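Colleague: Can you walk me through this model? I'd like to start with the ligand site and then look at a few other spots.

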Amino acid sequence: MRAAMDALGIEGVYELLPTKAGGLEARLGAVRERFAGVNVTVPHKERIVPHLDEVTPEAAAIGAVNTVVNVEGRLVGHNTDAAGFYWALERAGWLTGEALVLGAGGAARAVVHALVREGWLVGVHNRSLARAQRLVEELGGWLVAPEKLEKAVRRTPLLVNATSVGLDEPEDMPLPPGVLPKSGRVVDLVYRPLETRLLREARAAGLEVQDGLEMLLGQGVRAFELWTGRRAPVAAMERALRERSA
Ligand SMILES: NC(=O)c1ccc[n+]([C@@H]2O[C@H](COP(=O)([O-])OP(=O)(O)OC[C@H]3O[C@@H](n4cnc5c(N)ncnc54)[C@H](OP(=O)(O)O)[C@@H]3O)[C@@H](O)[C@H]2O)c1
């Protein structure tokens, strides 16, 4: 965000505001007075919802807010993860119309919401099946049971890892070794590290891959545009993100 503000000559600060669970209301009071908006991250994405004046239908459906916009003292909650994910797919030209999503947490909900809204066919698999079942009942798509997973992975044109497997544990895989799409593409939302084992193995198998920085960039672009009403300087933002992650 700082790179984006610098690129457009916008004066301002974008800084971390560590906030304890009990301090959310006070923090939002300060935001209402002094900030154009804030990003929200774990563990506040869900618990912030009842504290806001308004939540977009998209954020309400996903059940999580990652961007708050201060509209003349009214705090409006958005979820830019869904738009950011789809923005990254469009940018890559990967509009395959069908996908298999691993995970059923906040990120998976944003991904499935974005895809279903665009009319895609979406299979969802998660370690806790009940959570995936709830997701598909609320957002669409269908449940992929464990015994059907391997076949579904092999035939999907787009596999999305929206679990946190691989986060800070680069050798962990969300799938058994060797289970990859036959000829599809693979997106991993994990961005720490950028090159997860899933992406490394997919690349070695000749598949095209996309790392988690693309969606991170996309959600930041959307948040910046909501806060400023200006077109985001994508190249400057991308350069800053990639430099920071190198
Ligand atoms: N690139 C981006 O812009 C972006 C944006 C948002 C999130 N993310 C990334 O997406 C990932 C998920 O985030 P989230 O907010 O959705 O987290 P979350 O709500 O905590 O959900 C975690 C998901 O990972 C699954 N999981 C965790 N450990 C597992 C394991 N050992 N084996 C199988 N499944 C496991 C969970 O399954 P259970 O339901 O069975 O526990 C759940 O589906 C994180 O790595 C996060 O950094 C990236």
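Colleague: Which helix gives the largest share of the shell around the ligand?
Modeller: Helix 10, with three residues. Bear in mind that this is a predicted model.

Colleague: Which helices supply at least two residues each?
Modeller: Helix 6, residues 106–117, and helix 10, residues 212–228.

Colleague: Which residues come nearest to the ligand?
Modeller: Ala-107, Asn-126, Ser-128, Arg-131 and Gly-212, out of 21 residues around the ligand.

Colleague: And by class, what is the shell made of?
Modeller: Ten residues are nonpolar, eight are polar and three are charged.

Colleague: How much of the ligand's accessible area does the protein cover?
Modeller: On its own the ligand has 920 Å² of accessible area, and the protein covers 76% of that.

Colleague: Switching topic. Where does Thr-196 lie?
Modeller: In the loop that runs between strand 9 (185–188) and helix 9 (197–204).

Colleague: Is Thr-196 buried or exposed?
Modeller: Buried, because its relative accessibility is 1% and the cut-off is under 20%.

Colleague: What does Thr-196 touch?
Modeller: Pro-170, Asp-188 and Val-190, leaving out residues up to four places away in sequence. With Asp-188 there is a side-chain to side-chain polar contact of 2.7 Å.

Colleague: Now Glu-171. Where is that one?
Modeller: Glu-171 sits in the loop between strand 8 (158–161) and strand 9. Its relative accessibility is 44%, so Glu-171 counts as partly exposed.

Colleague: Which residues does Glu-171 touch?
Modeller: Arg-197 and Arg-200, again not counting residues up to four places away in sequence. The side chains of Glu-171 and Arg-200 make a polar contact of 3.1 Å.

Colleague: Last one, helix 11. What span should its twelve residues have?
Modeller: At 1.5 Å a residue, residues 234–245 should span 16 Å, and the end C-alpha atoms are 16 Å apart, so the two agree.

Colleague: Which residues of helix 11 are buried, and what covers them?
Modeller: Ala-236, Met-237, Glu-238 and Leu-241 are the buried ones. Their cover includes helix 1 (2–8), helix 5 (80–92) and helix 10.

Note on methods. Residues are numbered from 1 along each chain as its sequence is written. This is a predicted model: local features need pLDDT of at least 70, side-chain atom pairs count only at pLDDT 80 or more; totals for chains, interfaces and linings use all residues. Side-chain values use heavy atoms; hydrogens and water are left out. A residue is near a molecule or strand if one of its heavy atoms lies within 4 Å of it. Accessible areas come from the Shrake-Rupley method with a 1.4 Å probe; for residues, only the protein chains shown count as cover. Helices (H or I, at least four residues) and strands (E, at least two) are DSSP runs, numbered from the N terminus. Ala, Val, Leu, Ile, Met, Phe, Trp, Tyr, Cys and Pro count as nonpolar, Asp, Glu, Lys and Arg as charged, and the others, Gly among them, as polar. Buried means under 20% relative accessible area, exposed over 50%, partly exposed in between (1.4 Å probe, protein chains only). A polar contact is a pair of N or O atoms within 3.5 Å; within protein, one must be able to donate a hydrogen and the other to accept it, and residues adjacent in sequence count only if both atoms are side-chain atoms. Contact means heavy atoms within 4.5 Å. The expected span of a helix is 1.5 Å times one less than its number of residues.
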